[in-house]
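Good morning. Please have the structure open.

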Amino acid sequence: MHAAGDDCDGVPCPKWDYPLSRAQFVMGMQSTKMRVAACLQQFKSPGMALVVVTIVPSGSVSQAKVSGVFSQTPTGRCVEDAVKSGRFPAFTGAPMTVSYPFMLR
């Protein structure tokens, strides 16, 4: 995750406008890293899984959807289940939806 104005593959990164800080979000996603890694171990399919994750104000994940090459595959479903185990700090306001890439290697 980059700060607004940083370089994201040649273009400025989008503004971070969510109730959780970027660091809080990344820490919550990192908490799922071992479970996501287990998906690679189980299915032996390396690559990038882009996950669109929705976090509700209680700090739990209400939805995780993998897009791209892993969409609707056993690996993708495993990653979705792993991300749904994520826990984040509680916040006020509407649920937040963010994309996050996991490199499976």
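Predicted model: local features only at pLDDT ≥ 70, side-chain atom pairs only at ≥ 80, totals over all residues.

Start with helix H2, residues 33–43, and helix H3, residues 74–84: their axes come within 8 Å and cross at roughly 160 degrees. Angles over 145 degrees count as roughly antiparallel, so H2 is roughly antiparallel to H3. The crossing of the two helices is right-handed.

Which residues make the contact? From H2 they are Arg35, Val36, Cys39, Gln42 and Phe43. From H3 they are Pro74, Thr75, Cys78, Val79, Ala82 and Val83. Sorted by class, the contact of H2 with H3 has eight nonpolar residues, two polar ones and one charged one.

An α-helix has 3.6 residues a turn, so residues three or four places apart point the same way.

Now stay with H3. Its buried residues are Thr75, Gly76, Cys78, Val79, Glu80, Ala82 and Val83. What covers them? The cover includes H2, as well as H1, E3, E4 and E5.

Last, the largest nonpolar core, which has 26 residues. Phe25, Val79 and Val83 touch the most other members. Val79 and Val83 are also in the contact with H2.

Which elements give two or more residues to this core? Among the helices, they are H1 (22–30), H2 and H3. Among the strands, they are E3 (47–55), E4 (61–67) and E5 (96–104). The largest share, five residues, comes from E5.

That is what I have. Thank you.

Notes:
Residues numbered from 1 in each chain as written. Heavy atoms only, no water. Axes fitted to C-alpha atoms, helices over the stretch in contact; angles between N-to-C directions. Helix = DSSP H or I, 4+ residues; strand = E, 2+ residues; numbered from the N terminus. Parallel < 35°, antiparallel > 145°, perpendicular 65-115°, else oblique. Left-handed = near helix turned anticlockwise from the far one by under 90°. Contact = heavy atoms within 4.5 Å. Nonpolar A, V, L, I, M, F, W, Y, C, P; charged D, E, K, R; others polar. Core = buried A, V, L, I, M, F, W, Y, C linked by side-chain atoms within 4.5 Å. Buried < 20%, exposed > 50% of the residue type's maximum accessible area, 1.4 Å probe, protein only.
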